[in-house]
Amino acid sequence: MIKNNSDFLVIGSGIAGLCFAINASRYGTVSVITKKQDSESNTNYAQGGIACVIDPSDSFEKHIFDTLACGHGLCNEKAVRILVEEGPSRIKELIDWGVDFSRVPQAKNDYRLHLGNEGGHSVNRIVHARDLTGKAVEEKLLDIVRASKNIRLYEHHCAVELITDHHLPRQQGKIVHSYGAYVLDTITRTIFTLQSKIPSLHPVVQARYISIRRTPPSPPETGSPWPIAPAR
Ligand SMILES: Cc1cc2nc3c(=O)[nH]c(=O)nc-3n(C[C@H](O)[C@H](O)[C@H](O)COP(=O)(O)OP(=O)(O)OC[C@H]3O[C@@H](n4cnc5c(N)ncnc54)[C@H](O)[C@@H]3O)c2cc1C
């Protein structure tokens with residue numbers, strides 16, 4: 001059974017999925033599925049804050065250096081560079097969307113972000129909303145998503161498999177496109193198809209399989225790496 005067609009299918013309602021959905025909704029219709037209630041995500045439990053180069057005494061090179069040092073050889077340097085260099089514009093985007101990060105009151109009309117420090121950072125660079133940063137971000141993004149005419153949010157809907165070319169007999173073995181996902185409605189216990197031109201997974205890492213992985217202690221995670229799409 002096909003339940004809905006949309007231009008974009010987003011799997012996961014944490015910071016990654018919701019940011020993608022909000023941006024994508026400017027270009028077409030978006031379905032966001034999430035396997036529990038909408039706010040249930042690691043994002044909602046994150047407390048400390050988001051590391052970002054803001055302070056004039058800081059630099060991208062310092063942040064990259066600190067990150068690689070803490071990663072102890074495990075980090076992909078190219079990915080770290082993208083993450084660090086895009087940080088300021090992503091924080092600006094969150095502020096523009098209304099996330100109320102903690103500020104340092106200065107002179108009149110001059111409120112700079114308060115920057116905390118955490119292990120491994122040589123400069124104060126933790127942008128935070130008191131000590132409930134993730135909740136502040138999640139709530140604001142959900143407000144925008146709920147108000148958007150172009151976004152439909154499906155709570156208690158769990159992706160079980162991506163639909164790709166490997167489902168077509170003529171394309172055996174090849175994965176060229178994805179057309180959506182098979183989704184389990186965990187309330188009615190029925191499986192159906194959500195079709196989309198562009199599926200996008202947001203609770204995932206890419207390894208041999210694109211997997212759902214658990215970051216303790218967030219309760220909605222399935223607990224076991226759960227392959228829903230073979231890697232290219
Ligand atoms: C207690 C705690 C504290 C943290 N503190 C910090 C911090 O201070 N700073 C920091 O940078 N990071 C912190 N983190 C890590 C941070 O929360 C995560 O890196 C970040 O929230 C990941 O965002 P995400 O959108 O990728 O995933 P998530 O927020 O985990 O969202 C994943 C979403 O996918 C959904 N989902 C999963 N599988 C499926 C499926 N099969 N079908 C449908 N939906 C599915 C989940 O229900 C969820 O909505 C913390 C994490 C925790 C748990």
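Student: Let's start with helix α5: how far does α5 reach from its first C-alpha to its last?

Tutor: Keep in mind that we're looking at a predicted model. Helix α5 covers residues 133-147, which is 15 residues. At 1.5 Å a residue you'd expect 21 Å, and the reach comes close to that, at 22 Å.

Student: Which residues of α5 are buried?

Tutor: A residue counts as buried when 20 or more other C-beta atoms lie within 10 Å of its own. The cover over the buried part of α5 includes helices α1, α2 and α4, along with strands β2, β3 and β8. The buried residues themselves are Thr133, Gly134, Ala136, Val137, Glu138, Leu141 and Val145.

Student: At what angle do the axes of α1 and α5 cross?

Tutor: Two packed helices are described by the angle and the distance between their axes. Here α1 passes α5 in a left-handed crossing. The axes come within 10 Å, and the angle is roughly 30°.

Student: How many nonpolar residues does the contact of α1 with α5 have?

Tutor: On the α1 side you'll find Ile15, Leu18, Cys19, Ala21 and Ile22. They meet Val137, Leu141, Leu142, Ile144 and Val145 in α5. The contact has no polar and no charged residues, and its nonpolar count is 10.

Student: Now β2. Which residue in β8 is the bridge partner of Val32?

Tutor: Strand β2 is covered on both faces, with Val30 and Val32 buried on one side and Ser31 and Ile33 buried on the other. Four bridges join β2 to β8, and the two strands run parallel. Within that pairing, the partner of Val32 is Leu153.

Student: Which residue in β7 stands opposite Ile50?

Tutor: Strand β3 is joined to β7, residues 126-127, by two bridges. The two strands run antiparallel. Opposite Ile50 stands Val127.

Student: Is Gly120 buried or exposed?

Tutor: Gly120 sits in the loop between β6 and β7. Gly120 has 11, so it counts as exposed.

Student: How far apart in space are Gly120 and Cys70, C-alpha to C-alpha?

Tutor: Leaving out residues up to four places away in sequence, Gly120 touches Asp66 and Cys70. Along the sequence, Gly120 and Cys70 are 50 residues apart. In space, C-alpha to C-alpha, the separation of Gly120 and Cys70 is 6.3 Å.

Student: And β9: which residue in β10 is the bridge partner of His157?

Tutor: Strand β9, residues 157-164, is mostly covered, with six of its eight residues buried. Seven bridges join β9 to β10, residues 178-185, and the pair runs antiparallel. The partner of His157 in β10 is Asp185.

Student: Stepping back, what percentage of the residues of the protein chain count as buried?

Tutor: The chain's secondary structure comes to five helices and 14 strands. Among contacts with a separation of 6 or more, 61% are between residues 24 or more positions apart. Out of 232 residues, the share that counts as buried is 31%.

Definitions and conventions. Residues numbered from 1 in each chain as written. Predicted model: local features only at pLDDT ≥ 70, side-chain atom pairs only at ≥ 80, totals over all residues. Buried ≥ 20, exposed ≤ 12 C-beta atoms within 10 Å, placed from the backbone. Pairing = 2+ DSSP bridges. Expected span 1.5 Å × (residues − 1). Contact = placed C-beta atoms within 7 Å. Axes fitted to C-alpha atoms, helices over the stretch in contact; angles between N-to-C directions. Left-handed = near helix turned anticlockwise from the far one by under 90°. Nonpolar A, V, L, I, M, F, W, Y, C, P; charged D, E, K, R; others polar.
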